[in-house]
Amino acid sequence: MTQASATPKATRRQHDREIVALAVPAFGALVAEPLFVMVDSAIVGHLGTAQLAGLGIASALLTTAVSIFVFLAYATTAAVARRVGAGDLQAAIRQGMDGIWLALLLGAAVIAVVLPAAPSIVELFGASDTAAPYATTYLRISALGIPAMLVVLASTGVLRGLQDTKTPLYVAIAGFVANAVLNAGLVYGADLGIAGSAWGTVIAQCGMAAAYLVVVVRGARRHGASLRPDALGIRASAQAGAPLLVRTLSLRAILMIATAVAARLGDADIAAHQIILSLWSLLAFALDAIAIAGQAIIGRYLGADDTDGARQACRRMVEWGIAVGVALGVLVVLSRPLFLPLFTGDSTVKDTALPALVIVALSQPICGVVFVLDGVLMGAGDGPYLAKAMILTLVVFAPVALLIPTLGGGLTALWAAMTLMMTVRMLTLWLRSRSGRWLVTGATR
C-alpha cells in the first residue's frame, strides 16, 4: 500500500510503528549516557570529598565539550537518511564515513588544546586547591577518549540515518557495563584512585567507538563504499554541522544564564534549580527520543521525494510530542512529594522547588512540540534556520532572565522565563513547519 492510497487510519498506524521502533531504543541509549557520570561519581565518591569535587568539575567540562559537537550525530543522521530515502545505500554510508573522519579530526584538535591547558581550565572554573589536582588528572586522562566519544556521536548518526536505533542501544548498554567494571577494578583493584576512573572511562569509550566502527565498516564493504577520508566530503559535513553548532552554543548559553541567575537568587534557589534542571534534562530524554525518530524518518521521506509523507509524519510526531508532554507533566505533578526528598532534606529548598516544578509540569506539552519540530527540521537539513531561531530565542530570554533578581523575582519566575524561552522556540519552529520551506527533496539538500 502506497502512502497516497493508504487510509488516514492506516497511515497513522504506519507512522506510529515507525516512531515507536526508532524512539524506544533511542530513549534507552540516551538514558545510558548520563549513567556513565553517575557510576564514576558513585565509585570516586568513596575516595574522598576532594576527589569527588575534582571529578565533578572535570566531568562537567568534558560533558560540555562533547555536547558542543552533538551536531556530528544530528547532521549525519539527516544526511544519511536522505541518501537512504533516495535508495543509494553506498552514498549513505560514504556520507557517514565523512562524518566519522570529521569527528576524528575534531577530537584530535580538542586533545591538542586540553592536554596542555588542563590546569588553567580547571583553575578558571574555580576549583579549590584540594580539588584542582584531581580535576586536572581526570581531565587530562579523559581527554584522550574525546576522539572516541566524538566517533560514537558520528557513528550513532550514521546508524540512526540508516533507521537503526537498536544497535546504539546495545552498544550503550555494553559500554555502561564495561565502564562500571573497569572503574571499580582500576580505582580499587589496581589502586589507581581517580586516575583509574578516568582510564576506565577512556577504555570503555574506545571500546564503544570500535564496536561502532566494526558495524559501519562491514556496511561499507557490503555496499562497496570507500573508507578513505575525502576532503570535499569532510568539508561538506563540517558546513552542514556549523549551523547546528551555533544552535547548540546558543542553547548552552541559555542554560548557563539560567544557572547564573539562580545563583544570584540565593543558596536555596540554586540548590532547587539544580534539582529541577536535572529533572528537566531527564524529561528531555523522552522527548528527544521522538525527535531522533523525526530526524531519521523525515530525512528518509525527503530523500525519496515524498513531501506528503514528510508532512503527515511531521503532523503525527507533533501529536506524539504533545501526548508525551502531557503525560510527563502529570507525572511531575504526582511525583513531586516523592521526587524532592531523593535530593534534599532541606525544607527551604523543597518549598522553593515546589511551585517551580508546577511551571515545569505545565510546560511539558510545549517542550514536546519543540523537541519534535526541532528533530523534524534537523532531519530536513534546515540547520541555518534552526541557528537563527535559537539566536532569536537567546536574545529574547537573556534580558528577561537577567532582570529577575533586580525585580525581586524568585526561582518560579526564572522557570517561567524558561517556559517563555520554550514558547518562543515553539513559535519559531511552528511557523517554519507551516511555511513548508523545509520540504526540500532529493538525496542532498
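A residue counts as buried under 20% relative accessible area, exposed over 50%, and partly exposed in between, with a 1.4 Å probe and protein chains only. By that scale R13 is partly exposed, with a relative accessible area of 42%. The model is predicted, so local features need pLDDT of at least 70, side-chain atom pairs count only at pLDDT 80 or more, and totals for chains, interfaces and linings use all residues. Residues are numbered from 1 along each chain as its sequence is written, and side-chain values use heavy atoms, with hydrogens and water left out.

Start with the whole chain. The chain has 14 helices and 0 strands. Helices (H or I, at least four residues) and strands (E, at least two) are DSSP runs, numbered from the N terminus. The radius of gyration of the chain is 22 Å, close to the 22 Å that the globule rule gives for 445 residues, so the chain is as compact as a globular protein of that length. That radius is taken over C-alpha atoms, and the rule is 2.2 Å times the number of residues to the power 0.38. Along the principal axes, the C-alpha atoms fill a box of roughly 65 × 50 × 35 Å. Of the 445 residues, 52% count as buried.

Now go to helix α1, residues 8-44, where R13 has its place. K9, R12, R13 and R17 form a positive surface patch. Patches are made of residues with over 30% relative accessible area and no salt bridge; like charges are joined within 9 Å, nonpolar side chains (Val, Leu, Ile, Met, Phe, Trp, Tyr) within 5 Å. Lys and Arg count as positive and Asp and Glu as negative, while His and the chain ends are not counted. Each charge is placed at NZ of Lys, CZ of Arg, CG of Asp or CD of Glu. The areas come from the Shrake-Rupley method with a 1.4 Å probe; for residues, only the protein chains shown count as cover.

Next come the charge pairs. Side chains of opposite charge can pair when their charged atoms come close. A salt bridge is a side-chain nitrogen of Lys or Arg within 4 Å of a carboxyl oxygen of Asp or Glu. The whole structure holds 8 salt bridges.

One of them joins the side chains of D16 and R316, at 2.7 Å from N to O. This pair links distant parts of the chain: D16 sits in helix α1 and R316 in helix α11 (residues 307-339), 300 residues apart. D16 is buried at 18% relative accessibility. R316 is buried too, with a relative accessible area of 18%.

A local pair sits in helix α4. D98 forms a salt bridge with R94, the closest N and O atoms being 2.7 Å apart. Both residues lie in helix α4 (residues 89-124), 4 residues apart, about one turn of the helix. D98 is buried at 5% relative accessibility, and R94 is buried at 18%.

The side chains of R445 and D382 also meet in a salt bridge, at 3.3 Å from N to O. R445 is in the segment after α14 (411-435), and D382 is in the loop between α12 (347-379) and α13 (383-403), 63 residues apart. R445 is partly exposed at 43% relative accessibility, whereas D382 is buried at 3%. Elsewhere, salt bridges that share partners join D16, R316 and E319 into one network.

Finish at A220, in helix α8 (residues 194-223). A220 is buried, with a relative accessible area of 0%. The C-alpha atoms of A220 and L244 are separated by 26 Å, the two residues being 24 apart along the chain.
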